[in-house]
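Keep the structure open beside the text and click along.

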Amino acid sequence: MRYSNLFTPALVALLLCAATLVPFADANSDESVQTAGRVSYVSGGVGTTSLDRLRSLAGDFNLKLVFALKSGDYVSSVNVTIADAAGKQLLDTTSEGPWFLAKLPAGNYQVVATFAGKAEKRTIAVGSEKLKTIDFRWGAE
C-alpha cells in the first residue's frame, strides 16, 4: 500500500506533462504560418484536421493555390515560386499539402508550381482583401 502512495504523484505529474505537450505539438504542425520577406504563407491540407485549420486561416490571406492531378487526386510536395511583376523572386518553397495560402501586397505576380518535374505557370493579379483561388492540375504522376 505504501508504494501506491509514492507512484500516484509521479503518475499525475507524468499525465499533466503529457497533456501540456499535445497543444504544443499541434501549434508546430505543418499549418504554421511562415514569412519570407514581405510574404506570409502556410501550406498543408493533408487530412481533415489540416484542411479545417487552413480553412480557419484563409481569411488572413489573399491567395490560395490548390494542387491536384487532372483525375482530381490532391498532390503535395509542390515547389512554389512567386515573382513580382518586375521578375523579382519573392518566394521559393515547397508546399506540404494540396493547399497553399499566401498574403501578398496587391499587385501582379507570376506563380510557378512544379510537381514531378512538370512546371505550371500562371500570371495573376491579387487585391489586398479578397481571397483569389488558383488551381494547378497535372496529368499523371
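Let's begin with Asn 62, which counts as buried because its relative accessibility is 0%. Keep in mind that this is a predicted model. Asn 62 sits in the loop between helix H2 (48-57) and E3. What does Asn 62 touch, once residues up to four places away in sequence are set aside? The list runs Ala 102, Lys 103, Leu 104, Val 126, Gly 127, Ser 128, Glu 129, Lys 130, Leu 131 and Lys 132.

Step into strand E3, residues 63-69, and you find a mostly covered element, with 7 of its 7 residues buried. Leu 63, Leu 65, Phe 67 and Leu 69 point one way, while Lys 64, Val 66 and Ala 68 point the other way, and all are buried.

E3 has strand partners too. With strand E6 (residues 99-103) E3 pairs in the antiparallel sense, over 4 bridges, and there Val 66 has Trp 99 as its bridge partner. With strand E9 (residues 132-138) the pairing of E3 is parallel, over 7 bridges. In that pairing, Lys 132 of E9 is the bridge partner of Leu 63.

Another pairing links strand E4 (residues 78-84) to E5: these two run antiparallel, and Thr 81 has Asp 92 in E5 as its bridge partner.

| Strands | Sense | Bridges |
|---|---|---|
| E3 and E6 | antiparallel | 4 bridges |
| E3 and E9 | parallel | 7 bridges |
| E4 and E5 | antiparallel | 6 bridges |

**An open sheet**

E4 and E5 also belong to an open sheet of 4 strands, in the order E5-E4-E7-E8, with antiparallel pairing. Its edge strands are E5 (89-95) and E8 (118-126), each of which pairs on one side only. On average, neighbouring strands of this sheet are turned by 15 degrees against each other, direction ignored.

**Where the nonpolar side chains go**

Which residues have the most contacts inside the largest nonpolar core? They are Leu 63, Leu 65, Phe 67, Ile 82, Phe 100 and Trp 138, in a core of 23 residues. At least two residues of this core come from each of strand E2 (39-44), E3, E4, E6, E7, E8 and E9. There is also a second, separate core of 9 residues, and Val 42, Leu 51, Leu 54 and Ala 58 are among them.

Leu 63 is worth a click here. Leaving aside neighbours within four places in sequence, Leu 63 is in contact with Ile 82, Phe 100, Leu 101, Ala 102, Leu 104, Ile 124, Val 126, Leu 131, Lys 132 and Ile 134.

Now go to strand E7, where you'll find Thr 114. Buried would need under 20%, and exposed over 50%. Thr 114 and Val 80 are 34 residues apart in sequence, but their C-alpha atoms are 6.6 Å apart in space. Not counting residues up to four places away in sequence, Thr 114 touches Ser 77, Val 78, Asn 79, Ala 119 and Trp 138.

Most residues other than glycine have a negative phi. Ser 77 is not a glycine, yet its phi is positive, at about 60 degrees. Ser 77 lies in the loop between E3 and E4, and because its relative accessibility is 53%, Ser 77 counts as exposed. Ala 116 also has a positive phi without being a glycine, in this case of about 50 degrees. You'll find Ala 116 in the loop between strand E7 (107-115) and E8.

**Zooming out**

How many helices and strands does the protein have? The secondary structure comes to 2 helices and 9 strands, and from the N terminus on the elements run α-β-β-α-β-β-β-β-β-β-β. Of the 141 residues in the protein, 34% are buried. Taking contacts with a separation of 6 or more, 55% are between residues 24 or more positions apart. As for the surface, the protein exposes about 8,600 Å², and carbon and sulfur atoms supply 55% of that area.

How values were computed: Residues are numbered from 1 along each chain as its sequence is written. This is a predicted model: local features need pLDDT of at least 70, side-chain atom pairs count only at pLDDT 80 or more; totals for chains, interfaces and linings use all residues. Side-chain values use heavy atoms; hydrogens and water are left out. Buried means under 20% relative accessible area, exposed over 50%, partly exposed in between (1.4 Å probe, protein chains only). Two strands pair if DSSP finds at least two bridges between them. Axes are lines fitted to C-alpha atoms, for helices over the stretch in contact, and angles run from 0 to 180 degrees between N-to-C directions. Contact means heavy atoms within 4.5 Å. Accessible areas come from the Shrake-Rupley method with a 1.4 Å probe; for residues, only the protein chains shown count as cover. A nonpolar core is a set of buried Ala, Val, Leu, Ile, Met, Phe, Trp, Tyr and Cys residues joined through side-chain atoms within 4.5 Å.
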